[in-house]
Amino acid sequence: DIFNMFFGGGMGGGMGGPGVRVYSSGFGPGMGFGGMNPNMRARQQQQQQQQRQQQQQPEGGLGQFVQLLPLLFIMILSFLSMPGEDGMGATGGSKYFSLTPFKPHTNPLSTKLAKVKDIPYFVSEQFLRTVARDRYQLSQVERMVEVSYQRYLVDECKNQKAYKRKLEILSAKSKLSEVERANLVKKANGFQLSRCMELEDLFPKAVSQKDRVNRHNEF
């Protein structure tokens, strides 16, 4: 075709005349400079539009992320505001629940979603209207109840062991009469480490083998 353009078909019509075959290139119809071919112009516009879209796409994704930042910030604050293990006392006091009933935590519940079931705890009316209706949030609170109750049992077990040990030490003093000594020994032997046994039953991994209660001596 290129050979025919320059050498074939004659040159009677001049450049772009009847003897020359016309091609669409980037230089307008008939190899002239009169303007860009409409098809080529549409193709280039489409390519430019695609390039703009590709350039704007990361910005659009970033824009959506920026719009979501306030929501993410609120969610993070909500989780951070929930008391962790360090924020709970031995009795499980928190703004969400209590292990003992006192205002505003006067509504009794028990753990259903936690690993350890049926741990009693108390919540407020607002808790029943909000958190208790959300299964996920309720499971998180019950997990805190579980951790708090374990800490409570650990502390109570230590107190019971310390009290029993004190009775045993007192019974060994030489200044006591035989009657007083016998009463202290009987009291020490009869004192059951109930919280220690409950700790072993509910949270067996929290108690080492050497710290376990000898239950044969307890009954």
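Biologist: Is Asp118 buried or exposed?
Modeller: Exposed, at 52% relative accessibility; the cut-offs are under 20% relative accessible area for buried and over 50% for exposed, with partly exposed in between (1.4 Å probe, protein chains only). This is a predicted model, where local features need pLDDT of at least 70 and side-chain atom pairs count only at pLDDT 80 or more, while totals for chains, interfaces and linings use all residues. Residues are numbered from 1 along each chain as its sequence is written, and side-chain values use heavy atoms, leaving out hydrogens and water.
Biologist: Which residue forms a salt bridge with Asp118?
Modeller: Lys112, with the closest N and O atoms 3.4 Å apart. A salt bridge here is a side-chain nitrogen of Lys or Arg within 4 Å of a carboxyl oxygen of Asp or Glu.
Biologist: How many salt bridges by this rule?
Modeller: Six. One of them joins Arg181 and Glu178, at 3.3 Å between the closest N and O atoms.
Biologist: How far apart are Arg181 and Glu178 in helix H5?
Modeller: Three residues, so about one helical turn separates them. Helices are DSSP runs (H or I, at least four residues), numbered from the N terminus. Arg181 is buried at 18%, whereas Glu178 is exposed at 61%.
Biologist: New topic. How many aromatic pairs?
Modeller: Three. Among them, Tyr163 and Phe191 are edge-to-face, 5.0 Å centre to centre with 65° between the planes. Rings of Phe, Tyr and Trp (its six-membered ring) pair if their centres lie within 6.5 Å; planes under 30 degrees apart are stacked, over 60 edge-to-face, the rest tilted.
Biologist: What does the Tyr163 and Phe191 pair tie together?
Modeller: Tyr163 is in helix H4 and Phe191 in the loop between helix H5 and helix H6, so the pair links parts 28 residues apart in sequence.

Technical notes: Helices (H or I, at least four residues) and strands (E, at least two) are DSSP runs, numbered from the N terminus.
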